[in-house]
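This briefing sets out selected features of the structure shown below, grouped by topic. Please read it alongside the sequence and the model.

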Amino acid sequence: MTSTASLAATNTVIPSDPNSKLRIRSFTGLKSSHSLALSKSLRALPIPYSSRAASTSLVRAVSTLFVCFLCVVGTDVKVTVTFCQMPVKPETEPKRSKVEIIKEQSNFIRYPLNEELLTDASNINESATQIIKFHGSYQQYNRDERGAKSYSFMLRTKNPCGKVSNQLYLTMDDLADQFGIGTLRLTTRQTFQLHGVLKKDLKTVMSSIIRSMGSTLGACGDLNRNVLAPPAPLVKKDYLFAQETAENIAALLTPQSGFYYDMWVDGEQIMTAEPPEVVRARNDNSHGTNFPDSPEPIYGTQFLPRKFKIAVTVPTDNSVDILTNDIGVVVVSDEKGEPQGFNIFVGGGMGRTHRLETTFPRLGEPLGYVPKEDILYAVKAIVVTQREHGRRDDRKYSRMKYLISSWGIEKFRSVVEQYYGKKFEPFRELPEWEFKSYLGWHEQGDGALFCGLHVDSGRIAGKMKKTLREIIEKYNLNVRITANQNIILCDIRKAWKRPITTALAQAGLLLPKYVDPLNITAMACPALPLCPLAITEAERGIPDLLKRVRAVFEKVGLKYSESVVIRVTGCPNGCARPYMAELGLVGDGPNSYQIWLGGTPNQMSLARSFMNKVKVQELEKVFEPLFYYWKHKRQTKDESFGDFTNRMGFEKLQELVEKWEGPLRASPRHNLKLFADKETYEAMDDLAKLQNKSAHQLAIEVIRNFVAAQQNGKGE
């Protein structure tokens, strides 16, 4: 039997007889099954998505190729392939994780969630728990409660650049009260998290978000997550271009198969039109990036091996922790400030597993430069490289950082260039980076103002929540969420500044000069009681932790204005990016932390593990010697704590911690010479504390000032 099939045929014919022959038209040659060209050709075959048997038959047919005869007929090159009976060997499919199988059987992220949502149970099964992540939700239960588990769902929005419209903010505020736990949480990826939603209320909450022009699609799951960008509403060419690019990348990598709208608004799609350049880039298959006949042209049935994170920024502005992302995109402008293209970093990521050294946090590294018109095609090529080559057998190693660590950047670049269709240009030189919080009042550049507000651990609750809603509703303000869990009120008229400032202060939302510098840069993940991965406290523990650090600062003589970047997570997955902190605390047991040191204030250096299993009640035994020697051994007054720890080296620092017996103190007899009685000393001591000084230091200053004044008087 001889059968004829084309690579673009509608129905592929698979020979049932092992001795039959197959003629393939317009075939350009045979290559290794590992080669890029053949993998593209195989992917173009119209294998039914619901039929694993057909797929297996095709693989079996291809694997039994034995003899090929080429014949030129006119302009066609025809290949006659003889299939020969070979000794039967047990078929071994590549090992895949359980989640990969769940995705394959889900009918493009629908099943079994669509069925589980209809049951009377308060929870959903394991497969549906994986599927609902793609819809932007995690199933949780309160781990503080004993007995039967009380299930609820956390919803996470997707807000490119952290942009939140007035309508969406008010909707989220209402939903938190009506269906959540009465709080909104700002995340480290510029989104909202809404906790405590019951299963029976999921569709109401989801549809309300969608109808308010919001979305939770892809906020979790194995696909591109929220795209970060500087949150400041500055009317500057590079900032506006960075934010536009972030929104276009988010649109490019948004799922297309409609599962989200089918599930939550009965198939009704309530979205604005996409820019034409996004549609062109998504549909382009000139370099074999797409699944041509799939409802998901970029993702296919399997989506990505793991989560995928992207950030866009402008030179110097590291408000987005640019190197912690799978892809970091930096706008490059000419001398006139006109954006020309982008530098691209790849391979960043925070997650790791305790005591498994083959897992690790990693910083992104330079891939190359692309002209501005090519950015969507370049990003798509990188995503497809991860889709095709990222590990799908063990999810601990499925992030793109492990692919790049295994291959090396040169091989990775070479493969990406095949999907991109071009060579990357040399990386453009960039200036020094700086962390920008955008807290306080600033000019937007269009006559309006914006005000950045610090929110401890991003938790909006109580009087703060009520006041924010009143201000946002009264003045019809849009808002932005920062990657440091803070919020920015936008488009404020100058006449509104005073009444808004007064209202905010009364609710405890203070200008940055009134907030402890330690709190300004601190971050924590939610951890207990709702996160199922948490090993110990983070958000609930960080207020006391920061007070204890401040007390240590006072004890060793550090000034109030001095600070370190502190980040706390309840597990090693790194949601609050502790591996970039100057002092990172990572939960590694009940009431204990692994301590990481060596990050820098601009978040461009990776911290390293310093100590393990430090009990929460014994943290001062580590903090005191570290901060004491930072004060007394730093090379300059401006040497940051992170730079100091890196310069000293961990071996020396561990020696100092082990030998620590407390700070050196002046003998009490010196104080007796200054103070005639105890009451005077205590009064001076109270005044000194207000200035972060000792009574002895303040007394000396007073005496010196008095002597100087007397001398000046005599001179006159």
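Arg567 is buried, as its relative accessible area is 1% (buried means under 20% relative accessible area, exposed over 50% and partly exposed in between, with a 1.4 Å probe and protein chains only). The model is predicted, so local features need pLDDT of at least 70 and side-chain atom pairs count only at pLDDT 80 or more, whereas totals for chains, interfaces and linings use all residues. Residues are numbered from 1 along each chain as its sequence is written, and side-chain values use heavy atoms, with hydrogens and water left out.

- Arg567 belongs to strand β20 (residues 566-569); helices (H or I, at least four residues) and strands (E, at least two) are DSSP runs numbered from the N terminus.
- Leaving aside neighbours within four places in sequence, Arg567 is in contact (heavy atoms within 4.5 Å) with residues including Asp321, Asn484, Met523, Arg577, Leu585 and Gln603.

**Salt bridges**

- The structure contains 42 salt bridges, each defined as a side-chain nitrogen of Lys or Arg within 4 Å of a carboxyl oxygen of Asp or Glu.
- Asp374 and Lys422 form one of them, with their closest N and O atoms 2.6 Å apart.
- Asp374 is in the loop between β13 (365-371) and α11 (375-389) and Lys422 is in the loop between α13 (409-420) and β14 (440-443), so this pair ties together parts 48 residues apart in sequence.
- Asp374 is buried at 8% relative accessibility, whereas Lys422 is partly exposed at 43%.
- In another salt bridge, Arg548 pairs with Asp544, and the closest N and O atoms are 3.9 Å apart.
- Because Arg548 and Asp544 are four residues apart in helix α17 (residues 542-556), about one helical turn separates them.
- Arg548 is buried, with a relative accessible area of 17%, while Asp544 is partly exposed at 44%.
- The side chains of Lys555 and Glu624 also meet in a salt bridge, at 2.8 Å from N to O.
- This pair links distant parts of the chain, since Lys555 in helix α17 and Glu624 in helix α18 (residues 620-633) are 69 residues apart.
- Lys555 is partly exposed at 40% relative accessibility, and Glu624 is buried at 12%.
- Salt bridges with shared partners join Asp173, Asp174, Asp177, Lys465, Arg469 and Glu473 into one network.

**Packing of α6 against α7**

- The axes of helix α6 (residues 166-179) and helix α7 (residues 202-211) come within 9 Å and cross at roughly 170°; axes are lines fitted to C-alpha atoms, for helices over the stretch in contact, and angles run from 0 to 180 degrees between N-to-C directions.
- The two helices, α6 and α7, are therefore roughly antiparallel, a term for angles over 145 degrees.
- Residues of α6 in this contact include Leu168, Met172 and Phe179, which meet α7 residues including Val205, Ile209 and Arg211.
- By class, the contact of α6 with α7 has six nonpolar, four polar and one charged residues (Ala, Val, Leu, Ile, Met, Phe, Trp, Tyr, Cys and Pro count as nonpolar, Asp, Glu, Lys and Arg as charged, and the others, Gly among them, as polar).

- Thr216 is located in the loop between α7 and α8 (237-252).
- Thr216 counts as buried, at 0% relative accessibility.
- Beyond neighbours within four places in sequence, its contacts include Phe134, Arg156, Met206, Ile209 and Tyr260.

Terms used
Parallel < 35°, antiparallel > 145°, perpendicular 65-115°, else oblique.
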